[in-house]
Amino acid sequence: VPKDINLKEEIDKLRKEKNAIILAHYYQTGDIQDIADFVGDSLALAQWAAKTKADIIVLCGVHFMGETAKILCPDKKVLVPDLNAGCSLADSCPAPAFEEFVKQHPGATVISYVNTTAAVKAVTDVVVTSTNARQIVESFPEDTRIIFGPDRNLGNYINSITGRNMLLWDGACHVHEQFSLEKILELKKQYPDAEIITHPECKQPIIQVSDFVGSTAALLKHTIKSEKKQFIVATESGVIHEMRKQSPLKEFIPAPPNDSTCACNECNFMRLNTMEKLYNCLKFELPEIFVDEEVQKKAIKPIRRMLEISE
Ligand code: 13P
Ligand code: SF4
């Protein structure tokens, strides 16, 4: 990237010239969120990708989000600023092992979290995000045998609020699993009026002490609606950028991780994307996401089914 260019202006110019749309997840850095055409959670990103008329989609998020956009729009060019932006949760569910698990339970309905590879989606009946997981699980009759993967925390949480007994894949997200219950409770003593708000990818003891549990978008909405003035936020801290923008007079305290020597409440994969990489990505139209045609044809079905149910 040339030294003295104004990145914001150049990115804006390139996006217009190329009829590109920049979609960013709430876990991106503030500068990327601010320049994006849309900022959203995983569900919103898929919904925007499905309806955009742009020729190029730049997905500022992690690989599976780019893949989901490509599956929905196979004829468009889908770019991500850094191809190494993976996801520990998606990695915790390798497709061959998941396929084997599915085979061992013939007749079961397979519900997969969007945080999965295209190959896992290809053996899935319906995809969910944390925003619509409850609604989609409850759209099946109570006696349906359901396999739910890959997040064991979200799966356990959905089982507990719906009374279902879904069979769970044993996967997790390294960011959401490392929040410290002790430190959250210490913070609560320091800020007794604060609400603890938590993403369902967190472990059960943290969910149990929380005042509100929801997806990234649900947490954001809650902070706007709530009369409380302080929030201890147990999810990736990037979303606090939008929370502060929406409620400048409220206070947001990121929940601390177990290891206080690292910024572990930031997803290191999400943070691989930078403004410089976004600029290069638009300029050179690289790196691009590709999905095998056979896999794409299978994987689009459960994603479309999710979009239909969550309309
Ligand atoms: P949502 O955007 O659906 O809340 O998912 C959280 C997440 O971890 C995305 O990687
Ligand atoms: Fe994956 Fe967790 Fe990062 Fe989300 S926060 S992208 S689930 S590793």
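Colleague: Which residues does the UniProt annotation "binding site" cover?
Modeller: The unreviewed entry lists His25, Ser42, Tyr113, Val114, Asn115, Ser130, His199, Pro200, Glu201 and Thr216. Keep in mind that the model itself is predicted.

Colleague: Take histidine 25. Why is histidine 25 called buried?
Modeller: Count the other C-beta atoms within 10 Å: there are 26. The cut-off for buried is 20 or more. So histidine 25 is buried. The residue belongs to strand S1 (residues 20–25).

Colleague: What does histidine 25 touch, not counting residues up to four places away in sequence?
Modeller: Leu45, Cys60, Gly61, Met65 and Met270.

Colleague: How do you know whether valine 114 is buried or exposed?
Modeller: By counting again. Valine 114 has 26 other C-beta atoms within 10 Å. Buried needs 20 or more, so valine 114 is buried. Its place is the loop between strand S5 (109–113) and helix H7 (118–121). Leaving out residues up to four places away in sequence, valine 114 touches Ser42, Ala46, Phe64, Thr68, Val127, Val128 and Thr129.

Colleague: And proline 192: what makes this residue exposed?
Modeller: Proline 192 has 7 other C-beta atoms within 10 Å. Exposed means 12 or fewer, so proline 192 is exposed. This proline sits in the loop between helix H10 (181–190) and strand S9 (195–198). Glutamine 230 is 38 residues from proline 192 along the chain, and their C-alpha atoms are 9.2 Å apart.

Colleague: On to the ligands. Which residues are around ligand 1?
Modeller: Asp41, Ser42, Asn115, Thr129, Ser130, Thr131, Cys173, Glu201, Ser215 and Thr216. By class, seven are polar, two charged and one nonpolar.

Colleague: From which domains does the ligand 1 shell draw at least three residues each?
Modeller: Domain 2 (89–173 + 298–309) and domain 3 (176–254). The assignment also gives domain 1 (7–84 + 270–292).

Colleague: How far apart do the C-alpha centres of domain 2 and domain 3 lie?
Modeller: 26 Å. Their contact takes ten residues from domain 2 and 13 residues from domain 3. The domain 2 side has four nonpolar, five polar and one charged.

Colleague: How many residues surround ligand 2, and which are the closest?
Modeller: There are 13, and the closest are Cys87, Leu89, Cys173, Val175 and Cys267. That shell holds eight nonpolar, four polar and one charged.

Note on methods. Residues numbered from 1 in each chain as written. Chains lettered and ligands numbered in written order. Predicted model: local features only at pLDDT ≥ 70, side-chain atom pairs only at ≥ 80, totals over all residues. Near = placed C-beta within 6 Å. Nonpolar A, V, L, I, M, F, W, Y, C, P; charged D, E, K, R; others polar. Domains from an automatic or database assignment. Contact = placed C-beta atoms within 7 Å. Helix = DSSP H or I, 4+ residues; strand = E, 2+ residues; numbered from the N terminus. UniProt positions renumbered as here; feature names shortened; annotations may be inferred.
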